[in-house]
Amino acid sequence: MKKTLVPIGIMLTICACSTPAEDPTEAQRLTARLQAVVASQKIIYGHEDALLYGHAWNTEQALAAGFDRSDVKDVCGSHPGLLGLDLGGIELQDSCNLDGLDFNYIRAAAVAHRERGGIVTFSWHARNPLTEGDAWDVSSAEVVASVLEGGEKHALFLSWLDRAADFLSSLKTVEGETVPVIFRPWHEHTGSWFWWGRNLCSVDEYTALWRLTHDYLVSERGLTNLVWAYSPGGGSDEAVYMERYPGDDIVDVLGVDIYQYTAPGEELADSGRRLAEQVGDALGYMERLGREHGKVIALTETGLESIPDPTWWTEVLLPAVERHPVAYVLTWRNAWDRDEHFYGPFPGAACEADFRAFAGDEKIVMLSEMNNY
Ligand code: BMA
(Lines give C-alpha, C1' and ligand atoms only; values in the text may rest on other atoms or scores of the structure.)
Protein backbone atom coordinates (compact mmCIF):
# COMPACT_ATOMS: atom_id res chain seq x y z
CA MET A 1 0.00 0.00 0.00
CA LYS A 2 1.32 3.41 -0.95
CA LYS A 3 2.47 5.48 1.97
CA THR A 4 1.05 9.04 1.92
CA LEU A 5 2.27 11.94 3.98
CA VAL A 6 -0.44 13.51 6.11
CA PRO A 7 -0.12 17.30 6.70
CA ILE A 8 0.38 18.15 10.41
CA GLY A 9 -2.90 20.15 10.65
CA ILE A 10 -4.94 17.16 9.53
CA MET A 11 -2.95 14.88 11.85
CA LEU A 12 -3.86 17.08 14.81
CA THR A 13 -7.51 17.02 13.80
CA ILE A 14 -7.45 13.24 13.55
CA CYS A 15 -5.80 12.96 16.98
CA ALA A 16 -8.37 15.29 18.53
CA CYS A 17 -11.25 13.29 17.05
CA SER A 18 -9.86 9.98 18.19
CA THR A 19 -9.45 11.08 21.84
CA PRO A 20 -11.42 8.58 23.94
CA ALA A 21 -14.78 9.85 25.24
CA GLU A 22 -14.50 11.64 28.58
CA ASP A 23 -15.34 9.66 31.69
CA PRO A 24 -18.91 10.21 32.86
CA THR A 25 -19.27 12.53 35.85
CA GLU A 26 -20.44 11.27 39.26
CA ALA A 27 -23.81 12.87 38.44
CA GLN A 28 -24.08 11.09 35.07
CA ARG A 29 -23.27 7.77 36.73
CA LEU A 30 -25.95 8.38 39.36
CA THR A 31 -28.54 9.25 36.70
CA ALA A 32 -27.63 6.01 34.90
CA ARG A 33 -28.20 4.08 38.15
CA LEU A 34 -31.64 5.63 38.56
CA GLN A 35 -32.46 4.76 34.94
CA ALA A 36 -31.33 1.17 35.54
CA VAL A 37 -33.65 0.88 38.54
CA VAL A 38 -36.56 2.13 36.45
CA ALA A 39 -35.64 -0.18 33.56
CA SER A 40 -35.85 -3.18 35.89
CA GLN A 41 -39.26 -1.93 37.10
CA LYS A 42 -38.09 -1.47 40.67
CA ILE A 43 -38.51 1.37 43.16
CA ILE A 44 -35.87 2.42 45.72
CA TYR A 45 -37.16 3.09 49.23
CA GLY A 46 -35.75 6.20 50.93
CA HIS A 47 -36.04 7.63 54.44
CA GLU A 48 -35.09 11.11 55.64
CA ASP A 49 -32.23 11.30 58.18
CA ALA A 50 -32.35 7.48 58.50
CA LEU A 51 -28.76 7.03 59.73
CA LEU A 52 -28.69 10.06 62.05
CA TYR A 53 -31.35 9.24 64.65
CA GLY A 54 -34.57 7.29 65.05
CA HIS A 55 -37.83 7.29 66.96
CA ALA A 56 -36.13 6.26 70.23
CA TRP A 57 -32.42 7.06 69.75
CA ASN A 58 -30.42 10.16 69.03
CA THR A 59 -27.47 11.41 67.04
CA GLU A 60 -24.87 10.54 69.68
CA GLN A 61 -26.06 6.94 69.45
CA ALA A 62 -25.86 7.17 65.65
CA LEU A 63 -22.25 8.29 65.96
CA ALA A 64 -21.47 5.48 68.40
CA ALA A 65 -22.98 3.01 65.90
CA GLY A 66 -20.72 4.32 63.12
CA PHE A 67 -23.79 5.61 61.25
CA ASP A 68 -24.73 1.98 60.64
CA ARG A 69 -28.02 2.03 62.53
CA SER A 70 -31.47 3.00 61.26
CA ASP A 71 -35.03 2.37 62.43
CA VAL A 72 -35.60 0.80 59.04
CA LYS A 73 -32.70 -1.66 59.49
CA ASP A 74 -33.84 -2.42 63.04
CA VAL A 75 -37.19 -3.46 61.54
CA CYS A 76 -36.25 -5.29 58.34
CA GLY A 77 -32.50 -5.96 58.44
CA SER A 78 -31.46 -3.46 55.77
CA HIS A 79 -31.07 0.30 55.58
CA PRO A 80 -33.15 2.15 53.01
CA GLY A 81 -31.52 2.36 49.56
CA LEU A 82 -31.86 6.14 49.57
CA LEU A 83 -30.82 8.44 52.43
CA GLY A 84 -32.55 11.83 52.58
CA LEU A 85 -30.70 14.77 54.21
CA ASP A 86 -31.15 18.54 54.51
CA LEU A 87 -28.70 21.42 54.12
CA GLY A 88 -30.75 24.04 56.01
CA GLY A 89 -28.31 26.07 58.13
CA ILE A 90 -25.27 25.63 55.88
CA GLU A 91 -25.98 29.09 54.44
CA LEU A 92 -24.99 30.78 57.72
CA GLN A 93 -22.13 28.38 58.40
CA ASP A 94 -24.04 26.96 61.36
CA SER A 95 -22.35 23.92 62.84
CA CYS A 96 -25.72 22.08 62.91
CA ASN A 97 -28.56 21.96 60.41
CA LEU A 98 -32.08 23.18 61.14
CA ASP A 99 -32.92 19.91 62.90
CA GLY A 100 -29.87 20.08 65.18
CA LEU A 101 -27.64 17.66 63.23
CA ASP A 102 -23.93 18.44 63.17
CA PHE A 103 -22.86 18.92 59.55
CA ASN A 104 -19.82 16.74 60.22
CA TYR A 105 -22.19 13.92 61.14
CA ILE A 106 -24.35 14.60 58.10
CA ARG A 107 -21.24 14.36 55.94
CA ALA A 108 -20.12 11.15 57.65
CA ALA A 109 -23.55 9.54 57.17
CA ALA A 110 -23.74 10.57 53.50
CA VAL A 111 -20.27 9.16 52.80
CA ALA A 112 -20.93 5.93 54.76
CA HIS A 113 -24.19 5.39 52.87
CA ARG A 114 -22.50 5.91 49.51
CA GLU A 115 -19.63 3.58 50.47
CA ARG A 116 -22.22 0.90 51.29
CA GLY A 117 -23.75 1.30 47.82
CA GLY A 118 -26.64 3.65 48.64
CA ILE A 119 -27.84 6.89 47.08
CA VAL A 120 -28.03 10.24 48.87
CA THR A 121 -30.42 13.15 48.33
CA PHE A 122 -30.34 16.66 49.84
CA SER A 123 -33.11 19.24 50.17
CA TRP A 124 -32.37 22.75 51.47
CA HIS A 125 -34.65 24.52 53.93
CA ALA A 126 -32.55 27.68 53.60
CA ARG A 127 -33.31 30.65 55.82
CA ASN A 128 -35.00 33.73 54.42
CA PRO A 129 -32.16 35.90 53.06
CA LEU A 130 -34.17 39.13 53.18
CA THR A 131 -35.92 38.96 56.55
CA GLU A 132 -33.46 36.65 58.34
CA GLY A 133 -36.41 34.47 59.30
CA ASP A 134 -36.56 30.75 58.52
CA ALA A 135 -37.55 28.98 55.28
CA TRP A 136 -41.20 29.26 56.35
CA ASP A 137 -41.08 33.06 56.75
CA VAL A 138 -43.45 34.20 54.01
CA SER A 139 -43.88 37.75 55.31
CA SER A 140 -42.37 39.30 52.17
CA ALA A 141 -42.97 38.69 48.48
CA GLU A 142 -39.69 40.40 47.58
CA VAL A 143 -37.31 37.70 48.75
CA VAL A 144 -36.68 35.82 45.51
CA ALA A 145 -36.32 39.10 43.59
CA SER A 146 -33.82 40.30 46.20
CA VAL A 147 -31.39 37.42 45.61
CA LEU A 148 -31.40 37.63 41.81
CA GLU A 149 -28.83 39.65 39.89
CA GLY A 150 -29.29 43.33 40.70
CA GLY A 151 -31.15 42.56 43.94
CA GLU A 152 -30.01 43.85 47.33
CA LYS A 153 -29.30 40.34 48.65
CA HIS A 154 -27.60 38.97 45.53
CA ALA A 155 -24.06 39.07 46.97
CA LEU A 156 -25.27 37.54 50.23
CA PHE A 157 -27.05 34.79 48.34
CA LEU A 158 -23.95 33.96 46.31
CA SER A 159 -22.10 33.48 49.59
CA TRP A 160 -24.87 31.07 50.65
CA LEU A 161 -24.45 29.15 47.41
CA ASP A 162 -20.70 29.07 48.05
CA ARG A 163 -21.27 27.45 51.45
CA ALA A 164 -23.63 24.89 49.96
CA ALA A 165 -21.07 24.20 47.20
CA ASP A 166 -18.25 23.85 49.76
CA PHE A 167 -20.26 21.30 51.71
CA LEU A 168 -21.57 19.33 48.71
CA SER A 169 -18.08 19.06 47.23
CA SER A 170 -16.61 17.98 50.59
CA LEU A 171 -18.44 14.63 50.56
CA LYS A 172 -15.53 12.32 49.70
CA THR A 173 -15.34 8.56 49.95
CA VAL A 174 -12.16 6.72 50.97
CA GLU A 175 -11.54 6.07 47.27
CA GLY A 176 -11.57 9.83 46.70
CA GLU A 177 -14.88 9.90 44.83
CA THR A 178 -17.12 12.90 45.47
CA VAL A 179 -20.45 11.43 46.60
CA PRO A 180 -23.08 11.92 43.91
CA VAL A 181 -26.14 13.69 45.30
CA ILE A 182 -29.71 14.13 44.10
CA PHE A 183 -30.01 17.84 44.91
CA ARG A 184 -33.57 19.10 45.36
CA PRO A 185 -33.58 22.84 45.96
CA TRP A 186 -36.61 25.15 46.17
CA HIS A 187 -39.06 22.29 46.64
CA GLU A 188 -42.86 22.41 47.06
CA HIS A 189 -42.92 25.80 45.36
CA THR A 190 -46.45 25.27 44.02
CA GLY A 191 -47.63 25.94 47.59
CA SER A 192 -46.83 29.16 49.43
CA TRP A 193 -45.34 28.03 52.74
CA PHE A 194 -41.67 28.69 51.85
CA TRP A 195 -40.24 32.08 50.82
CA TRP A 196 -39.80 30.71 47.26
CA GLY A 197 -43.50 29.66 47.04
CA ARG A 198 -45.95 30.38 44.27
CA ASN A 199 -47.62 33.47 45.78
CA LEU A 200 -44.27 34.95 46.80
CA CYS A 201 -42.57 35.24 43.40
CA SER A 202 -43.36 35.38 39.69
CA VAL A 203 -42.77 32.51 37.26
CA ASP A 204 -39.72 34.30 35.88
CA GLU A 205 -38.31 34.97 39.34
CA TYR A 206 -38.70 31.34 40.39
CA THR A 207 -37.10 29.94 37.26
CA ALA A 208 -34.30 32.53 37.56
CA LEU A 209 -33.70 31.39 41.15
CA TRP A 210 -33.24 27.83 39.89
CA ARG A 211 -31.00 28.89 37.03
CA LEU A 212 -28.86 31.04 39.33
CA THR A 213 -28.51 28.13 41.77
CA HIS A 214 -27.68 25.63 39.04
CA ASP A 215 -25.31 27.84 37.07
CA TYR A 216 -23.45 29.05 40.14
CA LEU A 217 -22.88 25.55 41.53
CA VAL A 218 -22.13 23.91 38.19
CA SER A 219 -20.50 26.56 35.97
CA GLU A 220 -18.97 28.86 38.55
CA ARG A 221 -18.03 26.29 41.23
CA GLY A 222 -17.57 23.33 38.90
CA LEU A 223 -19.57 20.75 40.86
CA THR A 224 -20.02 17.56 38.84
CA ASN A 225 -21.75 15.43 41.50
CA LEU A 226 -25.25 16.91 41.44
CA VAL A 227 -28.34 15.35 39.87
CA TRP A 228 -31.02 18.06 39.90
CA ALA A 229 -34.51 17.23 41.12
CA TYR A 230 -37.57 19.42 40.58
CA SER A 231 -40.27 18.72 43.16
CA PRO A 232 -43.51 20.69 43.21
CA GLY A 233 -46.05 19.97 45.93
CA GLY A 234 -48.93 17.61 45.38
CA GLY A 235 -52.57 18.26 44.69
CA SER A 236 -51.93 20.39 41.61
CA ASP A 237 -52.67 19.68 37.98
CA GLU A 238 -50.23 19.30 35.12
CA ALA A 239 -50.42 22.98 34.15
CA VAL A 240 -49.45 24.09 37.65
CA TYR A 241 -46.83 21.32 37.85
CA MET A 242 -45.09 22.62 34.72
CA GLU A 243 -45.80 26.34 35.16
CA ARG A 244 -42.46 26.99 36.87
CA TYR A 245 -40.40 24.21 35.31
CA PRO A 246 -36.85 25.61 35.11
CA GLY A 247 -35.89 23.80 31.88
CA ASP A 248 -34.70 20.49 30.49
CA ASP A 249 -31.09 21.65 30.48
CA ILE A 250 -30.96 22.03 34.27
CA VAL A 251 -33.37 19.38 35.59
CA ASP A 252 -32.67 15.63 35.74
CA VAL A 253 -35.46 14.24 37.92
CA LEU A 254 -39.16 15.12 37.86
CA GLY A 255 -40.37 14.71 41.43
CA VAL A 256 -43.42 15.49 43.51
CA ASP A 257 -44.09 15.77 47.26
CA ILE A 258 -47.48 14.40 48.35
CA TYR A 259 -48.52 13.58 51.94
CA GLN A 260 -51.60 11.96 53.39
CA TYR A 261 -53.52 14.38 55.62
CA THR A 262 -56.62 13.29 57.48
CA ALA A 263 -59.06 16.13 58.12
CA PRO A 264 -60.74 16.34 61.56
CA GLY A 265 -63.57 13.81 61.58
CA GLU A 266 -62.40 12.17 58.35
CA GLU A 267 -61.99 8.39 58.13
CA LEU A 268 -58.39 7.25 57.68
CA ALA A 269 -59.46 5.06 54.77
CA ASP A 270 -60.84 8.13 52.99
CA SER A 271 -57.64 10.15 53.36
CA GLY A 272 -55.73 7.08 52.16
CA ARG A 273 -57.91 6.93 49.04
CA ARG A 274 -57.30 10.63 48.48
CA LEU A 275 -53.51 10.14 48.75
CA ALA A 276 -53.71 7.27 46.26
CA GLU A 277 -55.73 9.42 43.85
CA GLN A 278 -53.39 12.40 44.11
CA VAL A 279 -50.30 10.22 43.70
CA GLY A 280 -51.93 8.33 40.81
CA ASP A 281 -52.89 11.58 39.02
CA ALA A 282 -49.49 13.19 39.45
CA LEU A 283 -47.47 10.11 38.52
CA GLY A 284 -49.76 9.66 35.50
CA TYR A 285 -48.81 12.97 33.92
CA MET A 286 -45.24 12.83 35.26
CA GLU A 287 -44.76 9.47 33.55
CA ARG A 288 -45.72 11.02 30.20
CA LEU A 289 -43.67 14.17 30.87
CA GLY A 290 -40.72 12.02 31.88
CA ARG A 291 -40.91 10.22 28.54
CA GLU A 292 -41.30 13.45 26.57
CA HIS A 293 -38.51 15.28 28.38
CA GLY A 294 -36.22 12.29 28.90
CA LYS A 295 -36.32 12.50 32.72
CA VAL A 296 -36.51 10.04 35.58
CA ILE A 297 -39.59 10.46 37.81
CA ALA A 298 -39.80 10.05 41.61
CA LEU A 299 -42.05 10.50 44.63
CA THR A 300 -39.56 12.83 46.31
CA GLU A 301 -41.45 13.07 49.65
CA THR A 302 -44.46 11.29 51.03
CA GLY A 303 -45.86 9.94 54.26
CA LEU A 304 -48.61 9.72 56.84
CA GLU A 305 -47.57 11.19 60.19
CA SER A 306 -47.62 8.57 63.00
CA ILE A 307 -48.82 5.94 60.49
CA PRO A 308 -52.04 5.08 62.35
CA ASP A 309 -52.99 2.73 59.51
CA PRO A 310 -51.13 -0.57 60.28
CA THR A 311 -51.24 -1.67 56.62
CA TRP A 312 -50.36 1.70 55.10
CA TRP A 313 -47.20 0.47 53.38
CA THR A 314 -48.68 -2.41 51.43
CA GLU A 315 -52.26 -1.21 51.04
CA VAL A 316 -51.89 2.53 50.44
CA LEU A 317 -48.34 3.44 49.39
CA LEU A 318 -47.33 0.41 47.33
CA PRO A 319 -50.51 0.22 45.19
CA ALA A 320 -50.30 3.99 44.58
CA VAL A 321 -46.79 3.81 43.11
CA GLU A 322 -46.23 0.31 41.74
CA ARG A 323 -47.88 0.83 38.35
CA HIS A 324 -45.61 3.79 37.53
CA PRO A 325 -41.93 3.89 36.50
CA VAL A 326 -40.87 5.66 39.69
CA ALA A 327 -37.15 5.51 40.56
CA TYR A 328 -37.68 6.13 44.26
CA VAL A 329 -40.10 6.95 47.05
CA LEU A 330 -38.88 8.84 50.14
CA THR A 331 -40.79 9.06 53.43
CA TRP A 332 -40.04 11.85 55.88
CA ARG A 333 -38.12 11.61 59.16
CA ASN A 334 -38.65 9.77 62.48
CA ALA A 335 -37.97 12.57 64.95
CA TRP A 336 -36.21 11.30 68.10
CA ASP A 337 -37.62 14.12 70.25
CA ARG A 338 -41.27 14.19 69.13
CA ASP A 339 -43.22 11.01 69.78
CA GLU A 340 -45.87 11.56 67.13
CA HIS A 341 -43.54 12.89 64.39
CA PHE A 342 -42.56 9.80 62.42
CA TYR A 343 -43.12 8.68 58.82
CA GLY A 344 -41.05 5.51 58.79
CA PRO A 345 -41.27 2.27 60.78
CA PHE A 346 -39.44 1.47 64.02
CA PRO A 347 -39.41 -1.55 66.33
CA GLY A 348 -42.75 -1.63 68.13
CA ALA A 349 -44.62 0.60 65.65
CA ALA A 350 -48.09 -0.59 64.66
CA CYS A 351 -46.97 -0.78 61.02
CA GLU A 352 -43.80 -2.80 61.72
CA ALA A 353 -44.87 -6.13 60.19
CA ASP A 354 -46.46 -4.40 57.22
CA PHE A 355 -43.26 -2.47 56.57
CA ARG A 356 -41.34 -5.76 56.49
CA ALA A 357 -43.76 -7.00 53.82
CA PHE A 358 -43.29 -3.74 51.86
CA ALA A 359 -39.48 -3.90 52.10
CA GLY A 360 -39.60 -7.56 51.05
CA ASP A 361 -41.83 -6.89 48.03
CA GLU A 362 -40.05 -7.69 44.78
CA LYS A 363 -40.62 -4.13 43.54
CA ILE A 364 -38.91 -2.42 46.45
CA VAL A 365 -35.15 -1.91 46.56
CA MET A 366 -33.44 -1.60 49.94
CA LEU A 367 -29.73 -0.92 50.50
CA SER A 368 -28.99 -4.66 50.50
CA GLU A 369 -30.03 -4.79 46.81
CA MET A 370 -28.47 -1.52 45.65
CA ASN A 371 -25.32 -3.19 44.38
CA ASN A 372 -27.40 -4.57 41.49
CA TYR A 373 -27.68 -1.04 40.10
C1 BMA B 1 -40.66 19.27 58.62
C2 BMA B 1 -40.63 18.77 60.05
C3 BMA B 1 -39.78 19.73 60.83
C4 BMA B 1 -38.38 19.84 60.18
C5 BMA B 1 -38.48 20.16 58.71
C6 BMA B 1 -37.15 20.13 57.99
O7 BMA B 1 -41.51 18.48 57.85
O8 BMA B 1 -40.07 17.47 60.09
O9 BMA B 1 -39.65 19.27 62.16
O10 BMA B 1 -37.63 20.85 60.81
O11 BMA B 1 -39.35 19.23 58.09
O12 BMA B 1 -36.52 18.89 58.15
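Predicted model: local features only at pLDDT ≥ 70, side-chain atom pairs only at ≥ 80, totals over all residues.
Student: How do you know that strand S4 (residues 181-184) and strand S5 pair, and in which sense do they run?

Tutor: Two strands pair if DSSP finds at least two bridges between them, and S4 and S5 share three bridges in the parallel sense, so they qualify as a pair. Isoleucine 182 stands opposite valine 227 in S5. Residues are numbered from 1 along each chain as its sequence is written, and side-chain values use heavy atoms, with hydrogens and water left out.

Student: What makes S5 (residues 226-230) a mostly covered strand?

Tutor: Buried means under 20% relative accessible area, with exposed being over 50% and partly exposed in between (1.4 Å probe, protein chains only), and five of the five residues of S5 are buried. In a regular strand the side chains alternate between the two faces of the sheet. Leu226, Trp228 and Tyr230 point one way from S5, whereas Val227 and Ala229 point the other way, and all are buried. S5 is also joined by two bridges to strand S6 (residues 253-259), with which it runs parallel, and alanine 229 stands opposite valine 253 there.

Student: Which strands are joined to S1, and by how many bridges?

Tutor: S1 runs parallel to S9 (residues 364-365) with two bridges, to S8 (residues 326-331) with four and to S2 (residues 82-86) with three. Isoleucine 44 has valine 365 as its bridge partner in S9 and stands opposite tyrosine 328 in S8, while histidine 47 has leucine 83 as its partner in S2.

Student: What makes a group of residues a nonpolar core, and which residues have the most contacts inside the largest one?

Tutor: A nonpolar core is a set of buried Ala, Val, Leu, Ile, Met, Phe, Trp, Tyr and Cys residues joined through side-chain atoms within 4.5 Å. The largest has 94 residues, and Phe122, Trp124, Phe183 and Trp186 have the most contacts inside it. Apart from it lies another core, of 22 residues, including Ile44 and Tyr343.

Student: Why is the packing of helix H11 (residues 312-321) against helix H12 (residues 352-360) called oblique?

Tutor: Their axes, which are lines fitted to C-alpha atoms over the stretch in contact, with angles running from 0 to 180 degrees between N-to-C directions, lie 8 Å apart at an angle of about 45 degrees. That makes H11 oblique to H12, because angles under 35 degrees count as roughly parallel, over 145 as roughly antiparallel, 65 to 115 as roughly perpendicular and the rest as oblique. Contact means heavy atoms within 4.5 Å, and the residues that make it include Trp312 and Leu318 of H11 and Phe355 and Phe358 of H12.

Student: How do you know whether histidine 189 is buried or exposed?

Tutor: Histidine 189 has 0% relative accessibility and therefore counts as buried. This residue lies in the loop between S4 and H8, and the residues it touches include Trp196, Tyr206 and Arg244.

Student: What makes aspartate 49 and glutamate 132 stand out in their phi angles?

Tutor: Most residues other than glycine have a negative phi. Aspartate 49 has a positive phi of about 60 degrees, and glutamate 132 has a positive phi of about 70 degrees, although neither is a glycine. Aspartate 49 is buried with a relative accessible area of 2%, whereas glutamate 132 is exposed at 69%.

Key. Lists of a residue's contacts leave out its neighbours within four places in sequence.
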